[in-house]
Amino acid sequence: MKKALVSFAAAAAVLSLGTMGAMAQDPTKVCAIYVGPIGDYGYSYQHHQGMLDVKEHFGDKVEISYLENVAEGPDAERALERLARSGCKIVFATSFGFMDPTNKVAARFPDVKFEHATGYKREHENVSTYNSKFHEGRYVQGVIAGKMSEKGVAGYIASFPIPEVIMGINAFMLGAQSVNPDFKVKIVWANTWIDPAKEADAAKALIDQGVDIITQHTDSTAPLQVAAERGIKGFGQASDMIKFAPETQLTSIVDDWGPYYIERVQAVIDGSWKQSDVWGGMKEGHVVMAPYTNMPDDVKKLAEETEAKIKSGEFNPFTGPISKQDGSEWLKEGEVAEDSEVLQMNFYIKGIDDKIPN
Amino acid sequence: MRIELVKRPQHSALFSALSPFIALALTLVAGAIMFALLGKNPVQALYLYFIDPLREVWSLHELAIKAAPLILIGVGLSVCFLSNNWNIGAEGQFIVGAIIGSILPVLFPEFQSWIVLPIMLLLGIVGGAAYGSIPALLKVRFNTNEILTSLMLVYVAQLFLDWLVRGPWRNPEGFNFPQTRSFHEFAILPELLPASGRANWGFAFAIIAAIVLWFLLSKTLKGFEIKVLGQSPRAGRFAGFSNARMVFFAFLVSGGLAGLAGISEVSGAIGHLQPSISPGYGFTAIIVAFLGRLNPLGIVAAGLVLALSYLGGEAAQISLGVSDKVARAFQGMLLFFVLASDTLIHYRIRLVGRQAAPAAEAPHGNA
């Protein structure tokens, strides 16, 4: 039995070698771990799309491999170690909670490059971090919401009170205030990244409180679907969700990780990979707006203009004058916020009637 | 027409011994069919599942890490289940052990000494045991159903941990992310053989606990008491054993071991507290306890087998590109066949016609 097993395994190995023999060079192995299932149509799905873009771009020159639904903690450390040992040259760890495991495994595999999304620890030469300026898209959404909401009140389903989410709320509000200075936003903290039932309940509660537009920083399609049932408008999240709510979605912030992944894999192939901390936005093509739908032409035009201004670098959503919630001045007229300051944002801007949960 | 399970008057010793192997063989066959239907090479898939993770030293370490909490909790639960106490809340006792054990490194990070780790482990045991004593107290005093109370307390523990790491225990330098500060070096459970992999002392604790409980159950009067009270509380009372005291004993032992597993996991494998510290070890350990037939040494083997199925599932995901759902389905098949084989050794299936009167069986429980 054992002998048969060994000979079969050997045969399998020979077979797989046979298919590879046609190529001049072994393919570069590119790997990823996802916190959710790749079928979530949100966050993990988009990261996997980025990996598929890598495969499409490089073809036979790369081989992709991934582990989905990896729990944050010791399981993540084992998953990363397994990938590193399986011959991966570069590993994308795509959730914040993979931060410590990524750095621990990186210490043991100095020849493997690690890319950690949304974190801040780069303890070893072979760890880079990357994230996207989703708040640029949220500013555009705010402009649209300010124009589209008849009552001037939006509902915002937030996940966790971390800087990324808080800067998103602020950017959304600044966008809305730019067209309607009296705009209000009601915020529900869902304390989850993805939980369709909880997100749907939050959306229902917000609509019952009288909001007539919904946006979210959680990953499922549920809030948009509730908005569709109740006949109000909403925004998609992370991917284009138009097929889940064809008459409801105004636009969506699409996380396009493809360009970054292709660039980094190219660097590994060329041998030019270096540690970096990349925070790309619309300009770099990392943040893309889904088509503007279900809105009048003038709103669509304004949204496109705003997007173009951010994309060209002409306009930064965090440009003064901006006051903090308590009325104190944050940015003077014309002053632009430093990235480092935005990345640690822990306060609301003026006009938001909510308290950051602590 | 309906199907009934009828208890066999006596069961075959031969088949009892063969049962795990029959189950394994059936799993291999069913698994091979599943992989073949998915268009994957079944022999390669099974090889990846069961052999590949055992071929390398680092992987054996990972096996020990994954199995340690399952074994530690599982052996504790065997005392509960043998004495007819249905503790379903080991997950909660695991979490509370981890929380109480983490008090020193989280709240007093400047207190750094070799004494920190022993205190943490002790506090972990105390925390888990104290949390386990709640359903025990409710059962003894108010005759509440411990299945419900212990299960409900799991959610309380999970939400309490969630609140702690987002609120008062959050790392002040952590940009509002929901984590406590990282444990300092004196609060980290050391690795067993640092040169070859990262398995920590948690695995040693699990083995020691299994041996001690095996001795207790099979060689001592206490072990006899546990089994008598489990099988026949009335006979136990005639022998002068106190059922109330046994309820506390069982919950304190299993809660304490779950707490030790919790603090070992946090201190050895994670290094800080975060909203989720267990992928359901407390629940999986229930399966492990029964797979090991409530025998502590059997539970060691069962814990290793279940851990192997997790590791094999990952290897199959990477090498074959199958979804993690396939890995779970395969694990489910393994458990199904093991439990079905065991059941069919003790029971036989009888088809009952409509007219036959149902044979009422006397209910078990505390008469």
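In chain A of this predicted model, 63% of the contacts with a separation of 6 or more join residues 24 or more positions apart. Chain A is divided into two parts, domain 1 and domain 2. Its secondary structure consists of eleven helices and 14 strands.

**Overall dimensions and burial**

- Along the principal axes, the C-alpha atoms of chain A fill a box of roughly 75 × 40 × 40 Å.
- Of the 358 residues of chain A, 49% count as buried.

**Domain layout**

- Domain 1 of chain A covers residues 25–132.
- Domain 2 of chain A is made of two segments, 134–254 and 287–343.
- The centres of domain 1 and domain 2 of chain A, taken over C-alpha atoms, are separated by 29 Å.

**Contact between the domains**

- Nine residues from domain 1 of chain A and eleven residues from domain 2 of chain A take part in the contact.
- On the side of domain 1 of chain A that touches domain 2, helix α2 (residues 43–58) of chain A supplies the largest share, three residues.
- By residue class, that side of domain 1 of chain A divides into three nonpolar, five polar and one charged.

Definitions and conventions
Residues numbered from 1 in each chain as written. Chains lettered and ligands numbered in written order. Predicted model: local features only at pLDDT ≥ 70, side-chain atom pairs only at ≥ 80, totals over all residues. Domains from an automatic or database assignment. Contact = placed C-beta atoms within 7 Å. Helix = DSSP H or I, 4+ residues; strand = E, 2+ residues; numbered from the N terminus. Nonpolar A, V, L, I, M, F, W, Y, C, P; charged D, E, K, R; others polar. Buried ≥ 20, exposed ≤ 12 C-beta atoms within 10 Å, placed from the backbone.
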